[in-house]
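Please look over the sequence and the model shown here.

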Amino acid sequence: MQPQRLGPRAGMGPFCLGCSHRKCCSPIRNLISQETFKFHFKNLRYAKDRKDTFLCYEVTRKDCDSPVSLHHGVFKNKDNIHAEICFLYWFHDKVLKVLSPREEFKITWYMSWSPCFECAEQVVRFLATHHNLSLDIFISRLYNILDPKTQQNLCRLVQEGAQVAAMDLYEFKKCWKKFVDNGGRRFRPWKRLLTNFRYQDSKLQEILRRMGLLSEEEFYSQFYNQRVKHLCYYHRMKPYLCYQLEQFNGQAPLKGCLLSEKGKQHAEILFLDKIRSMELSQVTITCYLTWSPCPNCAWQLAAFKRDRPDLILHIYTSRLYFHWKRPFQKGLCSLWQSGILVDVMDLPQFTDCWTNFVNPKRPFWPWKGLEIISRRTQRRLGRIKEERGACQKLELSSLAVPIPGGD
């Protein structure tokens with residue numbers, strides 16, 4: 001059970017409080033005690049007696065060589081004002097006035113609780129009016145995630161350009177080093193830290209997927225197109241399917257993000273069920289996959305396309321799944337034969353996927369070797385198409401050869 005965060009929220013705007021309240025909106029200190037950090041930032045599933053929210057912040061200027069740190073400190077709920085709003089008041093009154101509007105600045109938050117829906121709404125408005133600022137939010141625990149308004153406004157933060165992610169071990173270490181009076185001691189992870197991180201991260205990804213979004217961290221880790229050399233790593237890479245549906249009647253495109261879950265239906269089957277329920281015709285659908293389809297999914301996609309000749313379906317994959325096995329090669333060929341375009345994601349497709357499903361306000365930064373790996377995978381896919389095509393021609397020609405001694 002989650003405790004109620006302190007502070008009434010009704011009607012609060014980012015700049016609507018009086019001067020007496022604004023004077024209270026200043027950092028409590030630059031460092032917090034070890035006990036405070038371990039109690040309030042512990043990423044428990046069910047956190048009791050943790051009504052306060054701590055916000056550790058750093059403001060940096062984006063330089064060509066390396067970011068330059070300008071301000072850092074800690075905010076906490078104060079006088080019924082949430083820590084996020086305290087930061088916005090302080091930043092607007094004390095910092096923003098001395099920053100050049102021609103330069104770009106990055107704000108990083110490490111929060112014990114994710115923003116409530118009203119604070120998230122104020123942050124969205126703030127980002128919308130300050131285009132030279134970017135915001136990264138790392139959260140220890142998700143607050144009130146069953147509330148639809150909270151879910152919607154978390155997604156609005158991402159759509160406005162903010163990065164929202166759960167704190168992993170790396171973020172906890174960084175926060176400990178920068179914002180905790182640690183006495184020179186190293187951060188010692190508490191029990192089940194990584195297990196609880198995976199829980200918080202899965203819940204956050206689930207919220208984003210409902211709105212057709214992926215987090216930046218999830219995109220970079222799952223759509224990374226490097227060939228997986230060891231079998232054990234196949235199980236660490238999640239099978240995502242991001243789709244965008246464009247209708248010819250002028251309506252806005254529909255999009256979504258699906259994930260195959262262990263022991264359940266594959267993302268391709270979930271996609272087919274969703275498209276069938278819409279009863280659409282004469283549409284163009286673009287799908288971006290982390291893995292190419294398995295044989296069963298490929299045959300079902302091919303059958304779906306053959307029953308709908310007016311539908312245009314493009315499938316772009318980041319990696320090829322068990323491409324050296326014949327059943328998987330036959331599955332890919334069935335897609336081509338049905339009229340589905342199957343190709344490998346290259347820089348334009350990665351960029352389009354990022355813009356539509358991750359963060360339209362931030363540029364996509366390609367990883368090293370992206371285009372080289374894409375061309376290599378494209379050649380591998382081309383060989384499969386040629387080899388399977390040649391085999392099918394031989395099979396057809398063998399059927400046409402007359403049997404010796406026959407009529």
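The paragraphs below take these parts in turn. The model is a predicted one.

Begin with strand β1, residues 54-61. Seven of the eight residues in β1 are buried, so the strand is mostly covered. β1 has a partner in strand β2, residues 68-76: the two run antiparallel and are joined by eight bridges. Within this pairing, C56 stands opposite V74 of β2. β1 also pairs with strand β3, residues 105-113, again in the antiparallel sense, here over seven bridges. In that case Y57 stands opposite W109 of β3. In a regular strand, side chains alternate between the two faces of the sheet.

Next comes helix α6, which spans residues 169-179. Its buried residues are E171, F172, C175, W176 and F179. Viewed down the axis of α6, these buried residues fall within an arc of 135°, so they line one face of the helix. On the other side of α6, Y170 and K177 are exposed. An α-helix has 3.6 residues a turn, so residues three or four places apart point the same way.

A further part is an open sheet of five strands. Its order is β7-β6-β8-β9-β10, and the pairing is mixed. The edges are taken by β7 (254-259) and β10 (341-344); each has a single partner strand, so one side of each is left without a neighbour in the sheet. On average, neighbouring strands of this sheet are turned by 15° against each other, direction ignored. The partner of β7 in the order is β6, residues 240-247; six bridges join β6 to β7, and the two run antiparallel. One of the residues involved is L241, whose bridge partner in β7 is L258.

The cysteines remain. A disulfide is a covalent bond between the sulfur atoms of two cysteines. How many disulfides does a search of the whole structure find? The search finds zero. Are C56 and C257 buried or exposed? C56 has 0% relative accessibility and so counts as buried. C257 is buried as well, with a relative accessible area of 5%.

Definitions and conventions
Residues numbered from 1 in each chain as written. Predicted model: local features only at pLDDT ≥ 70, side-chain atom pairs only at ≥ 80, totals over all residues. Heavy atoms only, no water. Pairing = 2+ DSSP bridges. Helix = DSSP H or I, 4+ residues; strand = E, 2+ residues; numbered from the N terminus. Axes fitted to C-alpha atoms, helices over the stretch in contact; angles between N-to-C directions. Buried < 20%, exposed > 50% of the residue type's maximum accessible area, 1.4 Å probe, protein only. Arc of directions from axis to C-beta. Disulfide = S-S within 2.5 Å.
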